[in-house]
Amino acid sequence: MARLQMCLVVLWCLSVVQVAPGMKQCLKRPEHKRRLHELKDIMCLTPKDALVPLPVPDGLDWVYPGVWKVKRCSGQLCIKTNEHCAAVAAKNLTIKVEGMKLNNIMEKICTQVTVEEHTECGCMCTKSQSSCRQNEVFSEAMCECLCSPEVKNKCLARMEMFPGTCMWDPRTCTCPCNRVIPCGTGQVWVPEMCSCLNVMEDNGVMMLSARV
């Protein structure tokens, strides 16, 4: 019921959208209404008729009929771009078919095959944590990858500790330095500090120091 209400709200919003003064409307009113009707028909609400190939049992070469009309959810429209229409409930149909077996002669066998029919549709998220980049976490509620709060907080702490050296980039979920400068002899660039540090040796142990 909630899914149906959401779809109807979207269709209502599309039907009452206003065109700004001076802008030309792309579709005339009859065409706009027809498109809305077509859109309602393909919303991910109830399964629609679809032709699916029937499985061929082991030992047979083909079955007749080779396809069957069943209810399926695929190919219907979801509101969010990261979602696809899939079955949330289904049942198995048993169909009587003629099985064909090729030996020296064609042998015909009466048999049964099982095919799945969808009984209820729902919009499923197509993303997961594996879809996210480094420094991103997956949000099931929003069906998208978001910047890790931990990474962002570390960047904000760096910005406070080293003012003017770095900036939080929400597009890449990184904390790049505002500028990268060439380091002198005996120095190494340290991205975490956006600065060149001197390489020093203390009792055979290599150390970094900010001292000139």
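I looked up the link between cysteine 147 and cysteine 173 and found a disulfide, S to S 2.0 Å; I took a disulfide to be a pair of cysteine sulfur atoms within 2.5 Å. The torsion about this S-S bond is about -80°, so the link is left-handed. Cysteine 147 sits in strand E7 (residues 144–147), and cysteine 173 in the loop between helix H3 (149–161) and strand E8 (187–190). The two are 26 residues apart, and the pair links distant parts of the chain. For the elements I used DSSP runs numbered from the N terminus: helices are H or I of at least four residues, strands are E of at least two.

This is a predicted model, in which local features need pLDDT of at least 70 and side-chain atom pairs count only at pLDDT 80 or more, while totals for chains, interfaces and linings use all residues. Residues are numbered from 1 along each chain as its sequence is written, and side-chain values use heavy atoms, with hydrogens and water left out.

Next I checked accessibility, calling a residue buried under 20% relative accessible area, exposed over 50% and partly exposed in between (1.4 Å probe, protein chains only). Cysteine 147 is partly exposed at 24%, whereas cysteine 173 is buried at 2%.

I then turned to cysteine 183 and cysteine 196, which a disulfide joins at S to S 2.0 Å. Its torsion is about -85°, so I noted it as left-handed. Cysteine 183 lies in the loop between H3 and E8, and cysteine 196 in strand E9 (residues 195–202), 13 residues apart. Cysteine 183 is partly exposed at 28%; cysteine 196 is buried at 13%.

The link is left-handed, with -105° about the S-S bond. Cysteine 78 is in the loop between strand E3 (67–72) and E4, cysteine 123 is in strand E5, and 45 residues separate them. Cysteine 78 is buried at 10% relative accessible area, and cysteine 123 is partly exposed at 25%. In total the structure holds 9 disulfides.

I also looked at two further cysteines. Cysteine 110 is exposed, with a relative accessible area of 65%. Cysteine 166 is buried at 3%. I compared the sulfur of cysteine 166 with that of cysteine 175, which holds the closest cysteine sulfur: the distance is 3.8 Å, too far for a bond.

For cores I searched for sets of buried Ala, Val, Leu, Ile, Met, Phe, Trp, Tyr and Cys residues joined through side-chain atoms within 4.5 Å. The largest nonpolar core has 9 residues, including Val52, Leu60, Val70, Ile95 and Val113. Strand E4 (83–102) and strand E5 (106–125) each supply at least two residues of this core. Another core, of 7 residues, lies apart from it and includes Cys155, Cys166, Trp168 and Cys177.

I listed the contacts (heavy atoms within 4.5 Å) of valine 63, a member of the largest core. Leaving aside neighbours within four places in sequence, valine 63 touches Leu54, Pro55, Val56, Pro57, Val97, Glu98 and Gly99.

Last, the chain totals. The protein chain has 3 helices and 10 strands, in the order α-α-β-β-β-β-β-β-β-α-β-β-β from the N terminus. Of its 212 residues, 23% count as buried. Among contacts with a separation of 6 or more, 46% come from residues 24 or more positions apart.
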